[in-house]
Structures are given as C-alpha cells and as structure tokens.
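Please walk me through the salt bridges in this structure.

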Amino acid sequence: SRPAATPATSSAKAASKRPKKMPSASALAVEVGDEITKAPSTSADAEVEAGEEVTKVTNSGDFWRVQIEAIYRRRNPHKLSEVPGMIEKYKGKELMLYKKVC
C-alpha cells in the first residue's frame, strides 16, 4: 500500500504543473543587428509607430472588417485588397466570414 500524500507533497506537485509566468510585452526586447530595441507595449502602439492610421470603429460591420483586415495584414498581405469584396458578400454574416478566415 502507498503512503497517503502529505499536504506539502501534493501542493509541490500542483505548483510544478502550473505554467510559468510569462514576462510582460514591455519587458521583452528584440535584437536588430547590433542594436537592441524594446518591443512596443501594445499592438495599438505598434500600429501607430508603423505610421498606420487608427480606424475608429462605430458599428459591428466596421469591427469585423478591421479584425479581418488585421489578419490579412499579418498573414496574407497580398489578399488585403480583397477584404472589401468579402465584407460585401458576407454582409450581415461577418462573424461567419471571420471564422472562415481564421
């Protein structure tokens, strides 16, 4: 028969299974050549720093368009010009389009 687990033993096992805490985005640094630069604190800061304009979202159609454009901007930039046509085709069903794109 096995001895009963003591509280100290079981909590130590549980602590070892917990994921390690990740550093914050502002604490991360990216090496560029010989120069080290800090990563932007948020993705919104990255867009503003990249010189892109900030889009004000006023309705759900704008929200989904911005989300889909962000995916294509990162993953498939040459198809970014097709987004307005896709939004028109899926008008009223933008969530379904978003799920297909993802």
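By how many helical turns are Glu69 and Arg65 separated in helix H3? The model here is predicted. Glu69 and Arg65 are separated by about one helical turn, because they sit four residues apart in helix H3. The two side chains form a salt bridge. Their closest N and O atoms are 3.2 Å apart.

Now turn to the other partner of Arg65. Asp62 also forms a salt bridge with Arg65. Here the closest N and O atoms are 3.8 Å apart. That distance counts because the cut-off for a salt bridge is within 4 Å. Both residues belong to helix H3, which covers residues 60-75. The spacing is three residues, again about one turn of the helix.

Asp62, Arg65 and Glu69 are linked in a network. Arg65 takes part in the bridge to Asp62 and in the bridge to Glu69.

Next, consider accessibility. Is Glu69 buried or exposed? Glu69 is buried, because its relative accessible area is 17% and buried means under 20%. Arg65 has 23% relative accessibility, so it counts as partly exposed.

Move on to Ala70. This residue is also found in helix H3. Ala70 counts as partly exposed, at 28% relative accessibility. Finally, look from Ala70 to Leu80. The two are 10 residues apart along the chain. Their C-alpha atoms are separated by 8.9 Å.

Terms used: Residues numbered from 1 in each chain as written. Predicted model: local features only at pLDDT ≥ 70, side-chain atom pairs only at ≥ 80, totals over all residues. Heavy atoms only, no water. Helix = DSSP H or I, 4+ residues; strand = E, 2+ residues; numbered from the N terminus. Buried < 20%, exposed > 50% of the residue type's maximum accessible area, 1.4 Å probe, protein only.
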